[in-house]
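User: I'm new to this and want to learn how the labels on a structure get decided. Can we go through one together?

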Amino acid sequence: MQSEAGLTTLQEPQATSKSPVGPGTLILVVGPSGAGKDTLLTLARSRLPPHERLLYARRLVTRPTADDEDHDSLTEQEFAQALASSTFALAWRAHGLGYALGPEVKTHLRQGHTVVANGSRATLAHASRDFSSLRVVLVTAPPDVLSHRLAARAREHPEDIRERLERPGHMPVPPDLIIENTGAPQAGAERLAAFIAAQMRVFY
């Protein structure tokens with residue numbers, strides 16, 4: 001399903017006949033490339049004590065892992081096989097790459113745990129249907145800030161950066177929290193950590 005420029009949501013064929021996965025809460029942190037989602041997630045995680053009922057899911061990406069990236073890699077063949085067998089909790093494609101959240105997400109949610117993941121705005125419509133308890137955190141920044149951060153990553157060509165910046169910011173599910181990540185990332189991380197803790201108020 002094509003939902004945004006350059007971005008495709010991938011859906012399990014039989015998903016519409018399944019009951020939503022729960023009762024745990026899935027917190028998806030979404031936003032444009034360069035907004036600083038991984039940075040805020042890393043800092044927020046350092047501010048909260050580990051808990052057996054809280055999982056920070058790692059994304060799976062069909063791209064080799066760089067030192068500054070927080071994801072696990074898989075091949076295109078592995079991605080296609082896992083997609084065909086409905087292994088992923090969520091999957092999408094963007095700019096020629098496959099992205100996914102692994103099966104451990106469903107396992108933890110069925111056990112009533114809270115799962116935090118770096119997601120995609122394009123998956124929100126499916127996620128709101130496929131998970132019984134979904135919370136959305138939108139991390140954003142002005143276009144000039146995004147452009148500067150993307151250029152600093154030195155991972156994309158200027159044309160790729162332009163395409164990313166021109167991607168529509170449609171949100172099919174209203175965010176529960178919006179973080180304008182323009183200043184010191186510690187400020188946004190504090191808000192994110194407080195939001196995660198609030199979803200787990202029984203445990204923290």
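User: What makes β3 and β9 paired strands?

Analyst: Two strands pair if DSSP finds at least two bridges between them. β3 (residues 26–30) has four bridges to β9 (residues 114–118), and the two run parallel, so they pass that test. One of the partners is Ala-117, which sits across from Leu-28. By the way, this is a predicted model: local features need pLDDT of at least 70, side-chain atom pairs count only at pLDDT 80 or more, and totals for chains, interfaces and linings use all residues. Numbering starts from 1 along each chain as its sequence is written, and side-chain values use heavy atoms, with hydrogens and water left out.

User: Why are β4 and β11 called edge strands?

Analyst: The open sheet runs β4-β9-β3-β10-β11. β4 (54–56) and β11 (177–180) each pair on one side only.

User: What makes β3 mostly covered?

Analyst: Buried means under 20% relative accessible area (exposed is over 50%, partly exposed in between, with a 1.4 Å probe and protein chains only). Five of its five residues are buried. Leu-26, Leu-28 and Val-30 are on one side, with Ile-27 and Val-29 on the other.

User: Which strands does helix α7 lie across?

Analyst: Helix α7 (residues 185–199) lies across β3, β4, β9, β10 and β11. Contact means heavy atoms within 4.5 Å. Helices (H or I, at least four residues) and strands (E, at least two) are DSSP runs, numbered from the N terminus.

How values were computed:
Axes fitted to C-alpha atoms, helices over the stretch in contact; angles between N-to-C directions.
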